[in-house]
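Please keep the sequence and the 3D view at hand while reading.

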Amino acid sequence: MIKRNLRREIVEGVLYLWRQPLFRFMAFFGGGLNFVLATNTLIVIVLAQQQKASSITIGLIFTIGSIGGILGSVLGGQVQKRLPFGWSIIGFFWLLVLLWPLYAFASNPLILGIITCGIFVVDPILAVVYMSYRMALTPDEFQGRLNSTHRLFAFGLRPI
């Protein structure tokens, strides 16, 4: 049995992430994106309630969004195969940047559902493209350390 040093492995993961400019940028940029997207559910509920939508209608809005999430998950691999990494990441980040503010103009629950669907399509595509790229470039011995360190930075702002 190999004796492991948890503290050393955590430091190695943080240092590996920090020494990879693209991974470091994506972790922090992803953290900012996740910070904004964490508000998505509450924003949709508040906007739908302001439009006098029933609980069932609000559930349908999220059902439409979830169908988008499934679609995005299915399309992620195809996007990764057909588009260069940089184009995918930049293009789909910009799609999120353009979609999210559309909530301010959503005049009815159907529009809320369509916007939510769009966001839920794009988010998993980004995840598939980036995570596959990161995994392909990371040596096997650093996979777990880099993944956990990246997730700490990328998802650490969500609870705030």
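The lining of the largest pocket counts 22 residues, and N34, D123, L126, A127 and F155 are the ones that lie nearest its centre. A pocket here is found on a 1 Å grid over the protein atoms alone, as an open set of points with protein on both sides within 12 Å along at least five of seven lines, and a lining residue has an atom within 4 Å of a point. The volume of the largest pocket is about 450 Å³, where grid points are joined across faces, edges and corners and a volume is the space filled by probe spheres set on the points.

The model is predicted: local features need pLDDT of at least 70 and side-chain atom pairs count only at pLDDT 80 or more, while totals for chains, interfaces and linings use all residues. Residues are numbered from 1 along each chain as its sequence is written, and side-chain values use heavy atoms, with hydrogens and water left out.

Which helices supply at least two residues each to the lining of the largest pocket? They are α2 (21–37), α5 (85–99), α6 (109–137) and α7 (143–155). Of these, α6 gives the largest share, nine residues. By residue class, the lining holds 14 nonpolar, four polar and four charged residues. In this division Ala, Val, Leu, Ile, Met, Phe, Trp, Tyr, Cys and Pro count as nonpolar, Asp, Glu, Lys and Arg as charged, and the others, Gly among them, as polar.

The protein chain as a whole has seven helices and zero strands, so that the order along the sequence reads α-α-α-α-α-α-α. Helices (H or I, at least four residues) and strands (E, at least two) are DSSP runs, numbered from the N terminus. Taken along the principal axes, the C-alpha atoms of the chain fill a box of roughly 60 × 35 × 30 Å. Of the 160 residues, 35% are buried. Buried means under 20% relative accessible area and exposed means over 50%, with partly exposed in between (1.4 Å probe, protein chains only).

Next come the salt bridges, of which the structure holds three. A salt bridge is a side-chain nitrogen of Lys or Arg within 4 Å of a carboxyl oxygen of Asp or Glu. One of them pairs the side chains of E9 and R4 at 2.9 Å, N to O. Its two partners contrast in burial: E9 is buried, with a relative accessible area of 10%, whereas R4 is exposed, with 61%.

Another salt bridge joins the side chains of R8 and E12 at 3.2 Å, N to O. Both residues lie in helix α1 (residues 6–19), four residues apart, about one turn of the helix. R8 is partly exposed at 42% relative accessible area, and E12 is partly exposed at 24%. The side chain of E12 also meets that of R145 in a salt bridge (2.2 Å, N to O). Because R145 lies in helix α7 and E12 in helix α1, this pair ties together parts that are 133 residues apart in sequence. Through shared partners, the salt bridges join R8, E12 and R145 into one network.

The surface also carries a nonpolar patch, formed by L22, F25, F29, Y133 and L137, with about 440 Å² of accessible area together. Patches are made of residues with over 30% relative accessible area and no salt bridge; like charges are joined within 9 Å, and nonpolar side chains (Val, Leu, Ile, Met, Phe, Trp, Tyr) within 5 Å. Accessible areas come from the Shrake-Rupley method with a 1.4 Å probe, and for residues only the protein chains shown count as cover. Helices α2 and α6 each supply at least two residues of the patch, and α2 gives the most, with three. F29 is found in α2 and counts as partly exposed at 35% relative accessibility.

V36 is also found in helix α2, and counts as partly exposed at 32% relative accessibility. V36 and W100 are 64 residues apart in sequence, yet their C-alpha atoms are 9.0 Å apart in space.

The last stop is a loop. K52 lies between α3 (40–50) and α4 (55–82) and counts as exposed, at 73% relative accessibility. Most residues other than glycine have a negative phi. K52 has a positive phi of about 65° although it is not a glycine.

Notes
1 Å grid on protein atoms, 1.4 Å probe; cavity = no way out; pocket = protein on both sides within 12 Å on 5 of 7 lines; lining within 4 Å.
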